[in-house]
Amino acid sequence: MSSWIQQGDVVLFQGDSITDAGRVRDNGQDLGKGYALMAAAQFSAKYPEKQVQFLNRGISGNRVVDLEQRWNEDCLALKPNVVSIYIGINDTWRRYDRNDPTSTEAYEKGYRNLLEQTAETGAKLVLIEPFVLPVPEDRKLWREDLDPKITVVRELAREFGARLVCLDGLFAQASTRAHGSFWAPDGVHPSPAGHALVAKAWLQTVGAEE
């Protein structure tokens, strides 16, 4: 699979805290300390001649509705050629910690809105499905809410011709080699090793790694 990220492309990472990864918000070039930085660094080291620009606009705590509210400024206005979206775990989490659920239908409607707006620009799409590990044990209860949302992401990827990064199975598989807490100490936020897993999967999905 040859990389479909082209010469001089602008690649935008969008999402919540997993994408944010502590980036410096007032520095538009800062990529944070997570998978976005790792993927960008490895891609740029492998394809320096492509001179690809990577941007990160992930914001901790965001849900689909938050992305909708800032999509013009934090996506469309940046004129990206490739848009990578990783959103959904907070749409599940808020049901359990604040009794503020996002229905599967509302999640799909909001996500579809983002994709429709982005597709109109001709940008290529990468969708990263959310995951959760049973760390602590009560995270197992989240599957009832999260699984239908993962299905939405997969179906939207097919509908919009997007590349799909399948993280839920990847982290489940990784957890057979080391305990889930090694990959995501709270079941949600990846450790450095977990971020490296995401970055590798992302690069494979865009054809930048065998």
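**Salt bridges, cores and helices in a predicted model**

Visitor: Glu129, is that buried or exposed?
Guide: Glu129 is buried, at a relative accessible area of 0%. Buried here means under 20% relative accessible area, exposed means over 50%, and partly exposed is in between, with a 1.4 Å probe and protein chains only.

Visitor: What sort of model is this?
Guide: The model is predicted: local features need pLDDT of at least 70 and side-chain atom pairs count only at pLDDT 80 or more, while totals for chains, interfaces and linings use all residues. Residues are numbered from 1 along each chain as its sequence is written, and side-chain values use heavy atoms, with hydrogens and water left out.

Visitor: Back to Glu129. Which side chain does it meet in a salt bridge?
Guide: Arg154, with 2.8 Å from N to O. A salt bridge is a side-chain nitrogen of Lys or Arg within 4 Å of a carboxyl oxygen of Asp or Glu. The two partners are 25 residues apart and link distant parts of the chain, with Arg154 in helix α6 and Glu129 in the loop between β4 (124-128) and α6. Arg154 counts as partly exposed because its relative accessibility is 36%.

Visitor: How many salt bridges in the whole structure?
Guide: A search finds 14. Another of them joins Glu144 and Arg95, whose closest N and O atoms are 3.8 Å apart. That pair also connects distant parts of the chain: Glu144 belongs to helix α6 (residues 143-160) and Arg95 to helix α4 (residues 89-97), 49 residues apart. Glu144 is exposed at 58% relative accessibility, and Arg95 is partly exposed at 30%.

Visitor: And what does Asp138 meet?
Guide: The side chain of Arg139, in a salt bridge of 3.5 Å from N to O. Arg139 counts as buried at 10%, whereas Asp138 is partly exposed at 41%. Elsewhere, salt bridges that share partners join Arg95, Glu144, Asp145 and Lys149 into one network.

Visitor: How many disulfides?
Guide: Zero, by a search of the whole structure. The test is a pair of cysteine sulfur atoms within 2.5 Å. As for individual cysteines, Cys75 is buried at 1% and Cys166 is partly exposed at 43%.

Visitor: How many residues are in the largest nonpolar core?
Guide: 42, and those with the most contacts inside it are Ile5, Tyr35, Phe43, Phe54, Leu167, Phe171 and Trp202. The elements giving two or more residues to this core include β1 (10-15), α2 (35-46), β3 (82-86) and α7 (167-174). Its largest share, six residues, comes from α9. A nonpolar core is a set of buried Ala, Val, Leu, Ile, Met, Phe, Trp, Tyr and Cys residues joined through side-chain atoms within 4.5 Å.

Visitor: What does Trp202 touch?
Guide: Not counting residues up to four places away in sequence, its contacts include Ile5, Val11, Phe13, Phe54 and Val165. Contact means heavy atoms within 4.5 Å.

Visitor: Where is His195?
Guide: In helix α9 (residues 192-205). His195 is buried, since its relative accessibility is 9%. Its side chain reaches the backbone nitrogen of Tyr35 at 2.9 Å. Leaving aside neighbours within four places in sequence, His195 is in contact with residues including Ile18, Met38 and Pro190.

Visitor: And α4, which of its residues are buried?
Guide: Ile89, Asn90, Asp91, Thr92, Trp93 and Arg94 are buried there. The buried residues of α4 pack against α1 (17-20), α3 (64-74), α5 (104-119) and α6. Just after α4, Asn99 takes a positive phi of about 50 degrees.

Visitor: Last one: what share of the chain is buried?
Guide: Buried residues make up 51% of the 210 residues.

Terms used: Helices (H or I, at least four residues) and strands (E, at least two) are DSSP runs, numbered from the N terminus. A polar contact is a pair of N or O atoms within 3.5 Å; within protein, one must be able to donate a hydrogen and the other to accept it, and residues adjacent in sequence count only if both atoms are side-chain atoms.
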